[in-house]
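Hi,

Here's the structure I promised to pass on. Have a look, and then read my notes below.

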Amino acid sequence: MSRKPVMSDVARLAGVSHQTVSRVINGAGSIRPETRARVEHAIAQLGYRPNSAARALVTSRSGIIGIIGSSTAQYGPSSIQRSVEESARQAGFFSSSVTLAAVTRQEIRGALDHLSRLAVEAVVMIAAQQDALNVVYGEDFGVPVIVVEGDLSGSGTSVGVDQVAAARLATQHLIDLGHRDIAHVSGPDGWPEAHGRTRGYLDAMLAARLSPRPEWKGDWSAARGYALGRDVAADRTITAVFAANDHTAIGVLHALAEAGRRVPQDVSIVGFDDIPEAPYLIPALTTIRQDFAAVGHEAIAMVKAQLSGEQCSSELLPSDLIVRDSTAAPA
C-alpha cells in the first residue's frame, strides 16, 4: 500500500466496522477477545498509526498526561520517572515530561502552564522533596494530580513505597544477625524518603530496646558517605551501618576499607535502592530493593481511575531485602 493506511483500511482487513476499530484503539472493555485480536493484527499488518489529533477532536480527550520531576541524578527518582513514562505508554497514553531546574512554586507553575497548553488530562508529580509536596498540595492544577513518592501517608491520590517499613526491614536484618551498636547514615533534610528511612531505623532500634546512635546527616552522595564513613570507622564500638541509599553506602565502604575495618567481618553494612552496581561491589552490597515498575504501574492505574471518575486509593508498596555479602553476624 503506497499511501498511509487509515482506519477504514484496518476495518476492511479485520472484517469489522469502523466503530469497532475505534473502540479497540480507545481501549473499550466490551470488545470480544477474538475481535480485538483480529483488529490488532490488522493494525500491525498495515502499520497503521492512530491520528491522536483527530481522535482528540472526536473524543474531546487528548490522551496526554504530564509528568513533572525534579532535576536530580538520584537513582530512585530517575528510575520512577522512567517507570511512569513506560507505564503510560503501555496504557496507551502519550506523555510529556518536564524536569524542574529548582523545586519552587514559580518553576512548578511554569511547568503546569506548559502542560496546560498541551491539554494534558492528568499530571503525575514525582515529589521527591518536601518543598515540591507543599507546592502540589497548595495549588489548583485544574486536572487530576497523582503524587508519586513524596507523600508517605499512603492516603489520597498518592503512590509510593513504604519507606518506613523498608528501613525497619533493613535495620531488623542487622539486629537479627546479632548487632547491637548500629549506626545510621541518613539522607538530607527536606526529603520525605530520608525522613521515612530514619524513622524506620529508629522504630526498629527502639522496638528491640536498643539505643539509636546519633544520626550522621548525609546528602545521598558517595562523597558525603565517605566523609561520614571516616567518623564511623573511628568509632570501634559500631559493628553495623544502615546507609540511607546505596551511593552513601559505597562511600562508607571505602572509608571503612581505608581505615582497615573489614566488611562484614568487623562492620556490616546495608544500603537502600539496589542500584545496578550493588551486586558487583566488593563485598556485594546487602540492600533494599524498591519495585519502581510497580510504582509506575500504580501511578498510571490511578490516573485511569481518576479520569474514569472511579473512587481510588492506593496503599504504600512493599519492598524486598536483598541479602548479599556485606552483612554477617558480629565477630
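A quick definition to start: buried means under 20% relative accessible area, exposed means over 50%, and partly exposed is in between (1.4 Å probe, protein chains only). Keep in mind that this is a predicted model, so local features need pLDDT of at least 70, side-chain atom pairs count only at pLDDT 80 or more, and totals for chains, interfaces and linings use all residues. Residues are numbered from 1 along each chain as its sequence is written, and side-chain values use heavy atoms, with hydrogens and water left out.

Now for the backbone. Most residues other than glycine have a negative phi, and most peptide bonds are trans. Here are some exceptions.

Ala119 has a positive phi, near 60°, though it isn't a glycine. You'll find Ala119 in the loop between α6 (105-117) and β3 (122-126). Its relative accessible area is 44%, so Ala119 counts as partly exposed.

Arg209 also isn't glycine, and its phi is positive too, near 60°. This one sits in the loop between α9 (192-207) and β7 (216-217). With a relative accessible area of 79%, Arg209 is exposed.

Then come the prolines. Val263 and Pro264 are linked by a cis peptide bond, with omega near 5°, and Pro264 is in the loop between α11 (246-258) and β9 (268-270). The bond from Ile282 to Pro283 is cis as well, with omega about 0°. Pro283 belongs to the loop between β9 and β10 (287-289).

Cheers

How values were computed. Helix = DSSP H or I, 4+ residues; strand = E, 2+ residues; numbered from the N terminus.
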